[in-house]
There are 4 protein chains.
Amino acid sequence: MCVSCSFGEKLRVTVFGQSHSAAIGVVIEGLPAGEAVDMERVQAMMARRAPGGSDVATPRKEADVPRVLSGLVDGMTCGAPLCAVIENTNTRSGDYAGLANTPRPGHADYPAGVKYGGHNDLAGGGHFSGRLTAPLCFAGAVCLQILERRGVNVAARAQRIAGIQDAYCDPAETDLSAWGAGGIPTLDPKAAERMKQAIMEAKARGDSVGGVIECKAVGLPVGLGAHMFGGVENRLSAALFGIPAVKGVEFGAGFAAADLCGSQNNDAYLSADGEVKTATNHHGGVLGGMTTGMPLVVRVAVKPTPSIAMPQQTLNLATGRVGELVIGGRHDPCIVPRAVPVVEAVTACVLLDLLLIGR
Amino acid sequence: MCVSCSFGEKLRVTVFGQSHSAAIGVVIEGLPAGEAVDMERVQAMMARRAPGGSDVATPRKEADVPRVLSGLVDGMTCGAPLCAVIENTNTRSGDYAGLANTPRPGHADYPAGVKYGGHNDLAGGGHFSGRLTAPLCFAGAVCLQILERRGVNVAARAQRIAGIQDAYCDPAETDLSAWGAGGIPTLDPKAAERMKQAIMEAKARGDSVGGVIECKAVGLPVGLGAHMFGGVENRLSAALFGIPAVKGVEFGAGFAAADLCGSQNNDAYLSADGEVKTATNHHGGVLGGMTTGMPLVVRVAVKPTPSIAMPQQTLNLATGRVGELVIGGRHDPCIVPRAVPVVEAVTACVLLDLLLIGR
Amino acid sequence: MCVSCSFGEKLRVTVFGQSHSAAIGVVIEGLPAGEAVDMERVQAMMARRAPGGSDVATPRKEADVPRVLSGLVDGMTCGAPLCAVIENTNTRSGDYAGLANTPRPGHADYPAGVKYGGHNDLAGGGHFSGRLTAPLCFAGAVCLQILERRGVNVAARAQRIAGIQDAYCDPAETDLSAWGAGGIPTLDPKAAERMKQAIMEAKARGDSVGGVIECKAVGLPVGLGAHMFGGVENRLSAALFGIPAVKGVEFGAGFAAADLCGSQNNDAYLSADGEVKTATNHHGGVLGGMTTGMPLVVRVAVKPTPSIAMPQQTLNLATGRVGELVIGGRHDPCIVPRAVPVVEAVTACVLLDLLLIGR
Amino acid sequence: MCVSCSFGEKLRVTVFGQSHSAAIGVVIEGLPAGEAVDMERVQAMMARRAPGGSDVATPRKEADVPRVLSGLVDGMTCGAPLCAVIENTNTRSGDYAGLANTPRPGHADYPAGVKYGGHNDLAGGGHFSGRLTAPLCFAGAVCLQILERRGVNVAARAQRIAGIQDAYCDPAETDLSAWGAGGIPTLDPKAAERMKQAIMEAKARGDSVGGVIECKAVGLPVGLGAHMFGGVENRLSAALFGIPAVKGVEFGAGFAAADLCGSQNNDAYLSADGEVKTATNHHGGVLGGMTTGMPLVVRVAVKPTPSIAMPQQTLNLATGRVGELVIGGRHDPCIVPRAVPVVEAVTACVLLDLLLIGR
């Protein structure tokens, strides 16, 4: 009973659908008119998120072919809201029967049941499902193209999975060419290999693992955002916490900054080629809620997939007795690789919004 | 040119003022009518944030006596917006002259100058100053009293300063009686002593330190918040990033959850005294964006105060030359102790909003 | 480049689509969970708005069968946003070619062309088309059912068309049984007959006529809404002006109140059956932005359809020459009858929102 | 318990205070930085609204000298929210005692009492008082100066009082030099004289009269606003209904358009000096929710002051008995003259917001 499917001010993204409803989709309001949308690139972005792409993900196959209902004329935005829908075809609602009384640990089942008086859609997690991130990827893929034409590039990577770190990347570095590629998008292919192994091991024992995703944006003009509650961090964190399983958001040095001294954490200004830059980038491209022109660096913590094959303890709400729960169905042993493009997408939407709001 | 002084939906808090303007203040819209406001408790909360209270803080003295202009009739809310102002008396604007062209590292000076075309108020950081958190404390102190009458308690502590940890506190624990007290509010007084020492050492060498603040709320009903973008985490993080120097926000196990397995991180349900509880509280009281009835646990990373006495390198925007900058004035070597009540206050405002929105 | 397809706070209605896009539709967020939706009644409401229903309307036939993509489980709301789409089948885009340079008087063509840099969808008026009111009717039909279960009834009528008045109806009267029926929904069938004749005459000479729609809601609790900018009138007028061709909105005695004395316009309080009522209802059920328990009475002025068959003068933006414009296609000589259910629908959506917001 | 003291998107105006609270005031967020504010002109605008200025208004004297607390540096906006407060000095709270149980007809007393459970501030109408329009005038006076520098002028007049019409003014006319002057601001001084007489007659018999205010804005660029719910009419009407006593809002021909034919109401395009204009201006400068470049024409219906000296019938809510009510205090026999600058002010705020939002 709460309006929470939308984010954005001048560019507003509204997501709808349930895991097993007829379709899911997105309405994007506020796109500038006259922008070409390359649907192949949109499809490619969505494919990065789609399940079935690799052995570290759920074997479920989803076609995930978006159909644009409005907002484009001859492949170009026309100022009207862009709506795209994705039909839900491959559903197995039988897997989820009987969950109403035995809430799955780590899932929204219990509070959702209370909130909606038992009327919420249980199949596949209903509107709490990670499937809702598919339309987010659509929206992000559209925004990324518009950002690019304005000189802004956004990319994300799996910085850590199961405690295994990807290669260090200087937060001040602006080259994103190596970002975002591969089944597990890391900068170091060997790290991806070790991560994959850790994921497969977790899967083998019916468990799951989490990780940290880092997202970077370069080319942003100085002075976007604002002080206090309408700043870059406020808007980005509010949107990023909308991605299921995200439990933390940090900018620049983030939580590590808490252990630094001011003399270490402050980024000294210097002039490079006439542009104002800082020698280091502990601030992650944001000061006082505003972009500084340095790369924006944001990191999100992704918890391990709550759906695990191992038996878990839960409460039967009808009987009041605690018992064992075994979750059926096919699930990702690690959601991080598929969440990388989602983080990229959500960040792109927020940044385009900030760019349209302007200084 | 961006509306960002407000947060909240049904309860909206709007902060105004600059560090050295005639006054600063807050407008609180949406308070339920008929709620008594104990101004002594409000004053006590504000005193916890006020400078000059201890030797770990800036020696500036601010009276910070709020004057209520509207919204109360005989000490009780009347449904009209509550406005309170705090006069600015102890100002030393001379300290800040000449900063326009030499932006202080770690401060908002540079992006603000670009954003506002040089028209922003430089004195004391203008509206980017930490002084704006005083009206936030006022708002929080009012909300805390209303929350208490509804069975909700909120408290915060310095969980870490300069790398020194406070005592461990079980996230599932609901007793808050030991929280929030002392010049450096910790659970373990010895930790506070060691933190104080680290702060004084940093001060002695003209440096500063940061830390992590943990905030806990108990007594929240199940099912507040919502999925995706209007949930507890979205609203809280968006508000908390409005506190100057906050660079990260995490819930429950937060970033640590990224390194756990699902079987470790999932919180098993159990029934205690007829209530639904979880054995552990890695989820920090929020699942699917909704409260679960377990204690809400949120942590924010506070960077070290950017104003340090040590000389720093900056760029002279007028000459294009890099040079040494020495920041005058009196500054907190560690903002964390004074930020603890601010985090508590902002959290209280957001939680009362969620409570008023309801399920 | 402006977010304006949505209205509502706790219940948010977002409309998308263009006259000739693949489909049009609506996303309704914030519907309470557990509400049955009778799709036959929804369809009946939409049929009242659909073209082709009578000889006073455009002969275009639109199937207008909505397909629900999400938000319902077994015909019941589940707390997830309800999305419904209507495919666009009967389109004649050829009619609108070449309008880019010769804006139609009374239409949005000229300012839209400037706003969107010529990239707006011209076919059928694009997203400025009256066709977008079909999804509004869908949303309203859903809200009406939920309102009814809470004791609130909403109905509208053509109070005036082409200067011909419908029968007088006491604004204090709560019986709505005679409202809303007929091809031209009036209380007096003879008035409808005369209106129809006037419409046919206008059509015969290639012209069009306008009118006034009155909408009434009974059963509202006292104290919904708020003072100043969030009141019943603010929200309703903002939404009602979203219906194409609406040029005025008034409540209760409205503009006529301007010519009354206070002693005439004030509604004396009296007690009827224990309920607080007023003897008259010049205030139209709203005082200080809040519902009073008396019937809500709102009236909207609908301008004559700007698309007329008579030749009109316009400017060729390319050549700078003024010339004659003949608008092809089939158009309603009077939009009022079809707009009656739209006004009812929009009013229902706003009232359900106010009810969900509560006191 | 409802956030409704604010309006605006990029420029947000928040009003606070009660008739007899310590002070009233306004927070204006989103003003562009670097704009000079001439406080004498602000004061002059507020004086037009202030009581005691003429014998057609209440003899209460209010100093209404605003004190700026924040947002200006050396008389220039600095990007921080501008807060101004006006102390309440001349209050007679005794007049209003005992109103809790005998609601005044035409006032908000009854629904406010229900909404706020009897906790609302009764003195002087609390936060429903017309006194809250003083800070609105402050905000408008600031916005008017910024608009002027961008070539936009706004003015209002009493178009009708007690049924007496001011001179006709062509809606297409752009000269505003004769607008806004005089104790009763009309174009024809004789009309003002007759209006004054009618007001004095009403006053003499203890009654009151209403009227219609017309507001015009010239110099607006083409394409501001948007289709459907975020357009010029939606935003303006939502704000204008926030002025106490407004019962109707219309644009261009407004309700009169309902009785016109399309061939009469449509405004033919023509080219004048290279600019696109229409021969007539029935559309009032707005088509499809967007500005057309023609003068914006908006009219509001103001009901007669509900506070009249004549005895009225009301209900004693405590006893359930109907009885006679005599309202003490000093009241305006006609609020229209003082409301003229308020309409101008609110319109200016909304138009500056639209200008800042841009196309």
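This is a predicted model: local features need pLDDT of at least 70, side-chain atom pairs count only at pLDDT 80 or more; totals for chains, interfaces and linings use all residues.
**Inside chain A**

Let's start with chain A, which holds seven helices and 18 strands. How does the radius of gyration of chain A compare with that of a compact globule? A compact globule of 359 residues would come out near 21 Å, and chain A has 21 Å, so the two agree. The C-alpha trace of chain A extends over about 70 × 50 × 35 Å along its principal axes.

**How the chains meet**

Two of the contacts between chains are set side by side here.

| Contact | Residues from one chain | Residues from the other chain |
|---|---|---|
| Chain B with chain D | 41 residues from chain B | 40 residues from chain D |
| Chain C with chain D | 90 residues from chain C | 90 residues from chain D |

Take the contact of chain C with chain D. On the chain C side, the residues that touch chain D divide into 47 nonpolar, 33 polar and 10 charged. Strands take part too: E11 of chain C (residues 246-251) pairs with E11 of chain D (residues 246-251), running antiparallel over three bridges.

Chain C superposes on chain D by a rotation of 180° with 0.0 Å of shift along the axis, at an RMSD of 0.0 Å. That relation is the one a two-fold axis gives. Of the interface residues of chain C, 100% are also interface residues in chain D, which means that the copies meet through the same surface.

Now for the contact of chain B with chain D, which takes 41 residues from chain B and 40 residues from chain D. Five strands of chain B each supply at least two residues of the side that touches chain D: E2 (12-16), E3 (23-29), E4 (67-70), E6 (76-77) and E7 (82-87). Which element gives the largest share of that side? E3(B) does, with five residues. By class, this side of chain B has 22 nonpolar, 15 polar and four charged residues.

Chain B, too, superposes on chain D through a rotation of 180° with 0.0 Å of shift along the axis and an RMSD of 0.0 Å. Here 98% of the interface residues of chain B are also interface residues in chain D, so the copies meet through the same surface.

Some chains stay apart. Chain B does not touch chain C, and their nearest C-alpha atoms are 8 Å apart. Chain A and chain D share no contact either, with their closest C-alpha atoms 8 Å apart.

**A helix pair in chain B**

Finally, helix H1 (residues 39-49) and helix H7 (residues 336-357) of chain B have axes that come within 7 Å and cross at roughly 145°. H1(B) contributes B:Met45, B:Arg48 and B:Arg49 to the contact, while H7(B) contributes B:Arg338, B:Pro341 and B:Val342. These contact residues divide into three nonpolar, no polar and three charged.

Conventions
Residues are numbered from 1 along each chain as its sequence is written. Chains are lettered from A and ligands numbered from 1 in the order in which they are written. Two residues are in contact if their C-beta atoms, placed from the backbone, lie within 7 Å. Helices (H or I, at least four residues) and strands (E, at least two) are DSSP runs, numbered from the N terminus. Ala, Val, Leu, Ile, Met, Phe, Trp, Tyr, Cys and Pro count as nonpolar, Asp, Glu, Lys and Arg as charged, and the others, Gly among them, as polar. Copies are superposed by least squares on the C-alpha atoms of residues with pLDDT of at least 70 in both. Two strands pair if DSSP finds at least two bridges between them. The radius of gyration is taken over C-alpha atoms; the globule rule is 2.2 Å times the number of residues to the power 0.38. Axes are lines fitted to C-alpha atoms, for helices over the stretch in contact, and angles run from 0 to 180 degrees between N-to-C directions.
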